Amino acid sequence: MYALSNVFMREDKPEQYDSDWLVHSFTLIFSGKERRFYNLNEADHRLWMQKLQQAIGYQDILSHYEIKDSIGKGKFGRVKLGIHKKT
């Protein structure tokens with residue numbers, strides 16, 4: 001059992017296991033630890049991802065903003081222009 005408050009989620013790339021199995025996975029990132037979960041069926045994997053994203057309140061920035069050109073950079077990253085889709 002895991003508490004899902006303040007949890008981040010990362011979808012991992014599918015990996016070939018043996019010659020027969022393609023393994024789909026995602027990682028839940030807690031403060032201080034990570035837990036990776038696996039599934040052999042892509043449809044089940046998508047369903048787990050969808051339900052957990054709903055539970056943790058996951059929002060994709062690309063669903064809210066249209067990312068445009070770079071407008072600056074700093075020591076640790078780049079700044080890009082984002083246009084809010086609704087406004």
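Colleague: What is the relative accessibility of Leu62?

Modeller: We're looking at a predicted model, where local features need pLDDT of at least 70, side-chain atom pairs count only at pLDDT 80 or more, and totals for chains, interfaces and linings use all residues. Residues are numbered from 1 along each chain as its sequence is written, and side-chain values use heavy atoms, leaving out hydrogens and water. On the scale used here, buried is under 20% relative accessible area, exposed is over 50%, and partly exposed is in between (1.4 Å probe, protein chains only). Leu62 counts as partly exposed because its relative accessibility is 47%.

Colleague: Which residues does Val7 contact beyond its sequence neighbours?

Modeller: Contact just means heavy atoms within 4.5 Å. Skipping neighbours within four places in sequence, Val7 meets Leu28, Ile29, Phe30 and Ile56.

Colleague: Is Phe8 buried or exposed?

Modeller: Phe8 lies in strand S1 (residues 8–11), and Met9 belongs to the largest nonpolar core. In a regular strand, side chains alternate between the two faces of the sheet. Phe8 does touch Thr27, Leu28 and Ile29, not counting residues up to four places away in sequence. Still, at 60% relative accessibility, Phe8 counts as exposed.

Colleague: Which residue in S4 stands opposite Phe26?

Modeller: Two strands pair if DSSP finds at least two bridges between them. Strand S3 (residues 21–30) and strand S4 (residues 33–39) run antiparallel with seven bridges, and they form a hairpin with two residues between them. Across that pairing, Phe26 faces Phe37.

Colleague: How far apart in sequence are the parts tied together by Glu34 and Arg10?

Modeller: A salt bridge puts a side-chain nitrogen of Lys or Arg within 4 Å of a carboxyl oxygen of Asp or Glu. Glu34 makes one with Arg10, with the closest N and O atoms 3.4 Å apart. Since Glu34 is in strand S4 and Arg10 in strand S1, the pair ties together parts separated in sequence by 24 residues.

Colleague: Which residues make up the salt-bridge network?

Modeller: By this rule, the count of salt bridges comes to six. Arg10 also bridges to Asp12, the closest N and O atoms being 3.1 Å apart; Asp12 is buried at 13% relative accessible area. The linked network is Arg10, Asp12, Glu15, Glu34 and Arg36.

Colleague: What N to O distance is there in the salt bridge between Glu11 and Arg46?

Modeller: Glu11 is partly exposed at 39% relative accessibility, and Arg46 is partly exposed at 40%. Their side chains meet in a salt bridge, and N to O comes to 2.8 Å.

Colleague: What phi does Asp18 have?

Modeller: Most residues other than glycine have a negative phi. Asp18 is in the loop between strand S2 (15–17) and S3, and it counts as exposed at 58% relative accessibility. Although Asp18 is not a glycine, its phi is positive, about 60 degrees.

Notes: Helices (H or I, at least four residues) and strands (E, at least two) are DSSP runs, numbered from the N terminus. A nonpolar core is a set of buried Ala, Val, Leu, Ile, Met, Phe, Trp, Tyr and Cys residues joined through side-chain atoms within 4.5 Å.
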